[in-house]
Amino acid sequence: MMRGAGALAVHGISALPRATLARMADAAAQVVDCMRELHESGSNLVIEALRGSEEFTEWEHYPSDDARDPKSHAQYFFHAHSPDDRERPDYAHFHTFMGAKGMPAGIRPAQPCGRGDNPQAQPMSHLVAISMTPAGMPERLFTTNRWVTGETWYEAHDVIAMLDGFMVDGEAPSPLLNRWLTSMFVLFRPQIEDLLIERDRAISSWRARHPDTDVFEDRRLEIISSLDISLHRHIEWLEGQIDA
């Protein structure tokens with residue numbers, strides 16, 4: 001799995017077009033503003049994710065029926081695993097998805113790993129997960145195997161094509177949290193793309209080494225690609241690129 005500290009670990013990130021850097025800078029401003037507003041009101045991103053809940057229960061989805069945008073068909077939920085079921089120290093994380101109706105035209109599930117061999121798979125694609133600290137700071141991005149979320153599997157290039165459509169609007173569970181998540185997809189877009197490409201490479205490698213198992217249902221393979229991130233370092237790098 002990939003390891004690193006954000007922007008510095010991404011292949012070719014220094015060659016990004018100026019227009020892309022400008023969009024990332026706008027997203028950085030949104031990310032920082034959302035977190036500042038929450039801090040000033042005595043809240044943070046984790047508190048907002050749990051808004052309306054009396055307690056934080058392991059494995060439960062927050063919100064209970066996921067946050068869903070009816071226009072973009074993007075959705076997400078926040079949850080935590082039990083301590084003995086964590087590959088790495090992880091307080092809790094957001095899982096993000098794109099529903100079938102929000103996918104670009106012409107995209108089809110990968111074969112033979114679509115819904116045909118798993119009738120329980122949902123007509124959605126997992127995009128990326130964002131691991132959070134208890135204080136509400138993002139600390140890691142990662143991708144997961146199909147069995148983890150019960151998704152329909154799409155190849156990396158198709159999932160990457162879905163990223164532009166991820167937008168969650170509305171008041172529930174928190175307008176600032178929704179805006180923050182939407183902006184994170186722009187700010188960390190190069191890292192997310194790299195993680196998805198690495199995800200498919202790892203799947204191919206695992207399948208070659210375990211030809212007698214269904215790689216997408218193999219419980220030994222849960223987190224496929226992972227990258228430690230630093231919001232401060234990434235924004236610092238981005239400002240340096242724009243100033244240059």
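Student: Are Phe77 and Phe97 buried or exposed?

Tutor: Both Phe77 and Phe97 are buried, where buried means under 20% relative accessible area, exposed over 50% and partly exposed in between, with a 1.4 Å probe and protein chains only. This is a predicted model, in which local features need pLDDT of at least 70 and side-chain atom pairs count only at pLDDT 80 or more, while totals for chains, interfaces and linings use all residues. Residues are numbered from 1 along each chain as its sequence is written, and side-chain values use heavy atoms, leaving out hydrogens and water.

Student: What makes Phe77 and Phe97 a stacked aromatic pair?

Tutor: Rings of Phe, Tyr and Trp (its six-membered ring) pair if their centres lie within 6.5 Å, and planes under 30 degrees apart count as stacked, over 60 as edge-to-face and the rest as tilted. For Phe77 and Phe97 the values are 5.8 Å centre to centre and 25 degrees between the planes, so the pair is stacked. Phe77 lies in strand β2 and Phe97 in strand β3, so the pair ties together parts that are 20 residues apart in sequence; strands (E, at least two residues) and helices (H or I, at least four) are DSSP runs, numbered from the N terminus.

Student: Why is the pair of Trp153 and Phe216 called tilted?

Tutor: Their ring centres are 4.8 Å apart and their planes stand at 55 degrees, so the pair is tilted. Trp153 and Phe216 are also buried.
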